Amino acid sequence: METLPKKYLILTYGCQMNVHESEKLAGILEDNGYLPCTDATQADIVVFNTCAIRENAEQKIFGNIGELKNIKLANPNMLIAVGGCMSQQKNYADEIMKRYPYVDIVFGTHNLADFENLLKKRKETGKRISETTEDETIALRDKLNISRTSGVNAWVNIMYGCNNFCTYCIVPYVRGREISRPEVDIISEIKKLLSEGYKQITLLGQNVNSYSGKDEEGKEVSFAKLLFDIDNLDGKFRIRFMTSHPRDLSSDVIDVIANSKHICHGIHLPVQSGSDRVLKSMNRHYDIKRYNSLVDEIRAKISDSELTTDIIVGFPGETEEDFKATLDVMRKAEYMQIFGFIYSKRKGTPAEKMENQIDKKTKKERLSRLLTLKNDIINAKTAKMLNQTYEVLVESVDEQKGLLYGSLDSGKTISFKGTKNCLGEFVMVKVIQVKKSVIYGELVDNTAMKTFKEKNYKLPVEVSILPSGEKNMKILRENKQNKKLECDKKSKK
Ligand code: SAH
Ligand code: SF4
Ligand code: F3S
């Protein structure tokens, strides 16, 4: 009789939404008797939760699935499942099935809640499975047991999907249309999280400003109202949210943040480009005048606000002049962090078909100029932090080094000396050293540290993803008999 696999490893790629969905997958696996592990060679099931946002993400994932082949050779009973945004696309699902005959299950983003059944089906029938539905299973997904692994941080979906169809972006195709969760569900989830000791709640949605849920009486609830109601909950905690769309970020939301007790003043506001022409071609529905006036409004109403952004370089048709306009926006907004990306063609999106695709060399050269300016801006901002004191939430610990890692209200991370019992506490930290954009601090009140009780947070673990090269070869050598993949044989009709 087949013994039940017992250990799982989930490899997550992509955004916070995916990190959180991996926590839901972990919940399903734990409900089915699996325990987490950190090494692919020890796992009875490995699940890839994939991302399709750019080509390099996909290449990495393909490479890693490829690397699992040797591990599966050594352990033919191990199951491999590939889910997430890549698998949601039929052509990729087919390619994964074809290229990697040792993959057991391929499932799309909308099949997540059904993962338990897929697993059962695979075990019962012995047949490989590929399922990607377009049907939303949101109601089911909301009821899943979540095995949270982000320490003091808890992710909370307020909505799923995206309606925006920015012309470069694959997300609307792999995540479906926008659906907002009912307010009461969100509030009760957050209340529970706070009672369990979580200290930083991040509200997740591709475009949180277009949240449009219902209250218990069926009345519409805007994002501003939702934030206001969450802010009114008792306790010491932080609220963050991602992502804001510059078209939809309203004055009401800015006002709620400005007057709140718990909402962080670090706001992620992706600009994407500084050129009106490019923004139009991206289907972003705002121009730079609107973006800059938002920045001004945020700065005026929230004096210690800190902005972060995403920028794409080399979008089809982007001229040198367009790119310079992007650099101008970067200078004006004085971002605390900038995520710069080279435009990557996504199959089935309008931009893929646009003429005037920019050549690789120009894209790379623009990204490198962007990164140089980014470093100048961020380093200059960071330098000003020296000798300032900030409230810090302690998020992780390196016990060997005796170091704590925490985040400021702005989202910036800082490290300083301290002990494990500080995890999950808000402490005051003075910045004592600045190295480029990295800051180091010291606890203002060392004695307070002694009074904190130790708490039981499940911290994110360093996964020894796929022991490559030497280790794989060793496994292969040790496993003399297995010259051929077991699942190869099984899959032959
Ligand atoms: N919903 C969020 C984030 C989406 S993905 C938003 O609207 O901001 C995160 C970032 O990836 C985007 O902000 C964008 O800058 C980048 N991105 C998306 N598609 C891309 C593509 N095809 N090529 C390069 N970068 C892309
Ligand atoms: Fe993609 Fe635009 Fe939706 Fe963000 S808002 S997920 S960039 S389509
Ligand atoms: Fe996120 Fe990547 Fe999907 S960024 S929504 S995991 S395509």
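In this predicted model, the axes of helix 7 (residues 183-195) and helix 8 (residues 223-231) come within 11 Å and cross at roughly 30°. Because angles under 35 degrees count as roughly parallel, helix 7 and helix 8 are described as roughly parallel to each other.

**Helix 7 and helix 8**

- The crossing made by helix 7 and helix 8 is right-handed.
- On the helix 7 side the contact is formed by Glu-183, Ile-186, Ile-187 and Ile-190, which meet Leu-226, Asp-229 and Ile-230 of helix 8.
- By class, the residues of this contact between helix 7 and helix 8 comprise five nonpolar and two charged, with no polar ones.

**Ligand 3**

- Around ligand 3 lie Gly-14, Cys-15, Met-17, Asn-18, Cys-51, Ala-52, Ile-53, Cys-85, Ile-170, Val-171, Val-174 and Arg-175, a shell that divides into nine nonpolar, two polar and one charged residues.
- Helix 1 (16-31) and helix 6 (171-175) each contribute at least two residues to the shell around ligand 3, and helix 6 gives the most, with three residues.
- Ligand 3 lies between domain 1 (7-138 + 462-491) and domain 2 (150-264), because both domains give residues to its shell.

**Ligand 2**

- The residues surrounding ligand 2 are Cys-162, Asn-164, Phe-165, Cys-166, Cys-169, Val-171, Pro-172, Gln-206, Asn-207 and His-245.
- Sorted by class, the shell around ligand 2 holds six nonpolar and four polar residues, and no charged residues.
- Val-171 is listed around ligand 2 and also around ligand 3.

Technical notes
Residues numbered from 1 in each chain as written. Chains lettered and ligands numbered in written order. Predicted model: local features only at pLDDT ≥ 70, side-chain atom pairs only at ≥ 80, totals over all residues. Near = placed C-beta within 6 Å. Helix = DSSP H or I, 4+ residues; strand = E, 2+ residues; numbered from the N terminus. Nonpolar A, V, L, I, M, F, W, Y, C, P; charged D, E, K, R; others polar. Domains from an automatic or database assignment. Axes fitted to C-alpha atoms, helices over the stretch in contact; angles between N-to-C directions. Parallel < 35°, antiparallel > 145°, perpendicular 65-115°, else oblique. Left-handed = near helix turned anticlockwise from the far one by under 90°. Contact = placed C-beta atoms within 7 Å.
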